[in-house]
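Here are some notes for a colleague who is opening this entry for the first time. Please read them with the structure in view.

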Amino acid sequence: MLSREAVRQILQQACSRNLWMAVPIELEDYIVDFAAKNMRAEDVNDSVCGELSELAATCTL
């Protein structure tokens, strides 16, 4: 299980700054909690950043 801080660091490094800054804090906390409990470090980058990019592209963030 990853720590919440480890997940935040992975996402801040992997996602573009503008993309990660666009995430509302409530959603950020949910994403970090879910990823910390359910994902391996190598999956966080591809899965979470990919989903956030898709959400941003459809303007639902």
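What covers the buried residues of helix 4?

1. The model is a predicted one, and in it the cover over the buried residues of helix 4 includes helix 1 (4-14), helix 2 (17-21) and helix 3 (25-38).

2. The buried residues of helix 4 are Val44, Val48, Cys49 and Leu52. Seen down the helix axis, the buried residues fall within an arc of 95°, so they line one face of helix 4. An α-helix has 3.6 residues a turn, so residues three or four places apart point the same way. On the face turned away from the buried side, helix 4 carries the exposed residues Asp46, Glu54 and Ala57.

3. The length of helix 4 can be checked as well: its 17 residues (residues 41-57), at 1.5 Å a residue, should span 24 Å, and this agrees with the end C-alpha atoms, which are 24 Å apart.

4. The largest pocket holds about 190 Å³ of space, and its lining includes Leu27, Tyr30, Ile31 and Phe34, as well as Val48, Glu51, Leu52 and Leu55. Helix 3 and helix 4 are the elements that give two or more residues to this lining, which by class has nine nonpolar, one polar and one charged residues. Val48 and Leu52, which are among the lining residues, are also among the buried residues of helix 4.

5. Glutamine 9 lies in helix 1 and counts as partly exposed, because its relative accessibility is 41%.

Note on methods
Residues are numbered from 1 along each chain as its sequence is written. This is a predicted model: local features need pLDDT of at least 70, side-chain atom pairs count only at pLDDT 80 or more; totals for chains, interfaces and linings use all residues. Side-chain values use heavy atoms; hydrogens and water are left out. Helices (H or I, at least four residues) and strands (E, at least two) are DSSP runs, numbered from the N terminus. The expected span of a helix is 1.5 Å times one less than its number of residues. Buried means under 20% relative accessible area, exposed over 50%, partly exposed in between (1.4 Å probe, protein chains only). The arc is that of the directions from the helix axis to the C-beta atoms. Contact means heavy atoms within 4.5 Å. On a 1 Å grid over the protein atoms alone, a cavity is a set of points where a 1.4 Å probe fits but cannot get out, and a pocket is an open set with protein on both sides within 12 Å along at least five of seven lines; lining residues have an atom within 4 Å of a point. Grid points are joined across faces, edges and corners, and a volume is the space filled by probe spheres set on the points. Ala, Val, Leu, Ile, Met, Phe, Trp, Tyr, Cys and Pro count as nonpolar, Asp, Glu, Lys and Arg as charged, and the others, Gly among them, as polar.
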